Amino acid sequence: MPETIHIALSANQAFTVPLGLCLRSIMQSANADTTYHFHILDSGVDRKLLQLGGFTNISWYDVADKLRDLPCGGRFPTPIYHRFLLPQLLPDTIERVIYLDCDTVVRRDLSELYRTELGETALAAVPWVVLGHYAEEFGQHLRSFPRRFGLADDGTPYFYSSLLVMQLPAMRSMQIPQRLIAATRHHTRELIWPDQDVLNAVLRGQITPLPLEYNVIPLFSEQLENEGQEARAAYAAPAIVHFAAMKPNILTGPRNALEQDFFRFWQESPWKRRIPYPLVSLTRLPRVAATLLNTTFTALLPFPGLLRGLGKLLNALRGGHH
């Protein structure tokens with residue numbers, strides 16, 4: 001009997017389509033003998049819309065009212081913390097789970113990742129790497145991490161929280177969920193990337209590193225000629241693409257090769273008449289104006305040229321700011 005691979009994701013209503021696209025990418029990249037079971041941490045997912053993908057083997061966990069006292073806002077809503085709860089929410093019969101942010105597209109079967117040797121560590125993650133000309137912009141936050149949390153600046157890697165291979169019995173026995181939640185409440189003022197900072201502070205030196213190919217970020221896909229072999233190989237053949245920092249935007253269209261692949265994948269999906277990612281700029285407008293623009297953009301989805309022309313016009317009206 002084939003092994004069942006357990007995958008967990010967290011989403012609210014606004015990220016229903018990214019969740020569906022991520023699940024679809026997992027299923028399409030699966031080997032013939034791979035069986036997945038999905039665990040959805042639900043804080044408002046539109047389940048009817050999601051089921052356009054015809055998914056089976058889903059367990060739902062209503063977490064809408066959990067951890068609402070933890071610091072959130074802007075790019076970091078409460079669902080970022082729900083991954084902390086997986087050892088408590090999943091049945092004790094499940095010993096391992098892969099947690100994935102839903103703004104990812106999986107391009108390779110996850111069996112090998114699921115079987116990662118963790119040894120005595122509780123989880124595995126990808127070390128934090130910033131490439132190209134973004135190294136200085138984002139690097140300052142990484143360099144400040146030890147100081148912000150009162151830790152020794154000893155070169156211990158800092159890890160992304162977007163992909164976690166969790167060894168659940170170890171996390172339960174070490175009471176890691178409770179420790180993560182307590183640390184978040186204690187360090188509210190020190191947080192820049194909230195869930196990620198806390199995971200790295202609580203589990204410092206106790207995380208197994210994963211290859212960079214499991215967290216390829218399109219924003220960093222420029223200027224790779226001066227990067228190392230691992231980075232260039234990962235970006236040439238990623239296992240998982242993570243749309244961190246910059247989401248695919250219908251008003252600009254594809255900005256690099258990885259986004260070209262995403263737009264093609266989205267257009268082949270049941271959600272091709274839905275905006276794939278919420279447009280951040282609309283959140284800054286009055287609700288009536290945001291609703292009107294969102295309706296207009298949705299109506300223009302079959303006409304990408306018109307959408308991009310409208311995007312250029314709106315950008316010019318804003319003074320050229322992105």
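Colleague: How many bridges join strand β1 to β2?
Modeller: Keep in mind that this is a predicted model. Strand β1 covers residues 4-11 and runs parallel to β2. The number of bridges joining β1 to β2 is eight.

Colleague: Is strand β2 largely enclosed or open?
Modeller: A residue counts as buried under 20% relative accessible area. Of the eight residues in β2 (residues 35-42), seven are buried, so the rest of the structure leaves this strand largely enclosed.

Colleague: Which helix sits with β1 and β2 in a β-α-β unit?
Modeller: The unit is right-handed, and its helix covers residues 16-28. The largest nonpolar core, with 110 residues, takes its largest share, six residues, from this helix. The helix is α1.

Colleague: How many residues apart in sequence are the parts tied together by E3 and R115?
Modeller: The side chains of these two residues meet in a salt bridge, 3.1 Å from N to O. E3 is in the segment before β1, while R115 is in the loop between α4 (111-114) and β6 (123-125), so the parts tied together are separated in sequence by 112 residues.

Colleague: And what is the relative accessibility of R83, which pairs with D101?
Modeller: The side chains of D101 and R83 form a salt bridge, 3.2 Å from N to O. D101 lies in the loop between β4 (96-100) and β5 (104-106), and R83 in the loop between β3 and α3 (86-89), so the pair ties together parts 18 residues apart in sequence. D101 is buried, with a relative accessible area of 15%. R83 counts as buried too, at a relative accessibility of 3%.

Colleague: How far apart are the closest N and O atoms of D103 and K247?
Modeller: D103 counts as buried at 8% relative accessibility, whereas K247 counts as partly exposed at 25%. The two form a salt bridge, and the closest N and O atoms are apart by 2.4 Å.

Conventions:
Residues numbered from 1 in each chain as written. Predicted model: local features only at pLDDT ≥ 70, side-chain atom pairs only at ≥ 80, totals over all residues. Heavy atoms only, no water. Buried < 20%, exposed > 50% of the residue type's maximum accessible area, 1.4 Å probe, protein only. Helix = DSSP H or I, 4+ residues; strand = E, 2+ residues; numbered from the N terminus. Pairing = 2+ DSSP bridges. Right-handed = clockwise from strand over helix to strand, strands pointing away. Core = buried A, V, L, I, M, F, W, Y, C linked by side-chain atoms within 4.5 Å. Salt bridge = Lys/Arg side-chain N within 4 Å of Asp/Glu carboxyl O.
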